[in-house]
Amino acid sequence: MDEYYENTAASYDRVAPSYAGQFLGELAHKPLDRALLGCLIELADGGCIADIGCGPGQVARFLRDRGADAMGIDLSAGMVAAAREAHPGIEFRQGSMLALPLEDSSLAAIVCFYAIIHLRPGDIGAAFREFQRVLTPGGYLLLAFHIGDERVHRDEWWERPVDLDFHLLMPEAIETQLGESGFGIEMSLRRRPYEPHEFPSRRAYILARAIPESAEAASR
Ligand SMILES: C[S@@+](CC[C@H](N)C(=O)[O-])C[C@H]1O[C@@H](n2cnc3c(N)ncnc32)[C@H](O)[C@@H]1O
């Protein structure tokens, strides 16, 4: 792991308890997110769903509480520890979405909420190819991210020192990169923030499907 991702992981290690305190209950205020996650459970049809960049695991927990076979993966050991403490019955692994600790074709679906915003923009395609590798052919990916074209840097969060870049992303560009990585777009929508509960950014949600015949091409 290079210095950029070491700094990202170390930053989230420092704020993990505070992040968990603020966000563990957030889905109670997010009806559209709950509906989309319910849709993903139906599409996964009993197969494993990985919550990648899971933070304290609130999404994995929502999925599990509704009967899904869910687990979580996060770059930050502190976040993984917070997720394990909050949800003892769910498996959480430490790992990067650029080299996932998962077998080929082992997942029916991936949910990745507000985590690709921390990738270096040049690494997003590599993450999508890694998602394609671990999904079964025809598997589903549900992405969420903040919309925009700027980079926001933070060096302090909850009064702790951090070194974090948040890359706001344009949905059209992400759809293009998904297409180049072997995904077909099933659904793409934008919503306003749920105020006062959320940071006041517009948000994008994209549901994509791993095109079976593209798996081999995307890995080349
Ligand atoms: C803004 S938080 C989102 C957490 C959770 N998905 C949520 O919606 O609250 C971003 C998370 O992505 C994780 N992350 C950042 N880069 C990652 C990477 N390369 N691979 C896996 N996780 C990563 C961070 O450690 C952090 O927990």
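## Aromatic rings and a negative patch

Y19 and W157 are both buried (under 20% relative accessible area, with a 1.4 Å probe and protein chains only; exposed is over 50%). Keep in mind that this is a predicted model: local features need pLDDT of at least 70, side-chain atom pairs count only at pLDDT 80 or more, and totals for chains, interfaces and linings use all residues. Residue numbers run from 1 along each chain as its sequence is written, and side-chain values use heavy atoms, leaving out hydrogens and water.

**Aromatic rings**
- The structure has 11 aromatic pairs, meaning Phe, Tyr or Trp rings (six-membered ring for Trp) with centres within 6.5 Å.
- One of them is Y12 with W157, edge-to-face at 5.8 Å centre to centre and 75° between the planes (edge-to-face is over 60 degrees).
- Y12 sits in helix α1 and W157 in strand β6, so this pair ties together parts 145 residues apart in sequence.
- Y12 counts as buried because its relative accessibility is 11%.
- Y19 also pairs edge-to-face with W157, at 6.0 Å centre to centre and 75° between the planes.
- Ring pairs join Y12, Y19, F23, W157, W158 and F166 into a cluster.

**Negative patch**
- α1 (3–23) and β6 (151–157) each bring at least two of the patch residues; helices are DSSP runs (H or I) of at least four residues, strands (E) of at least two.
- E3 belongs to helix α1, and E3 counts as exposed because its relative accessibility is 59%.

Technical notes. Rings of Phe, Tyr and Trp (its six-membered ring) pair if their centres lie within 6.5 Å; planes under 30 degrees apart count as stacked, over 60 as edge-to-face and the rest as tilted.
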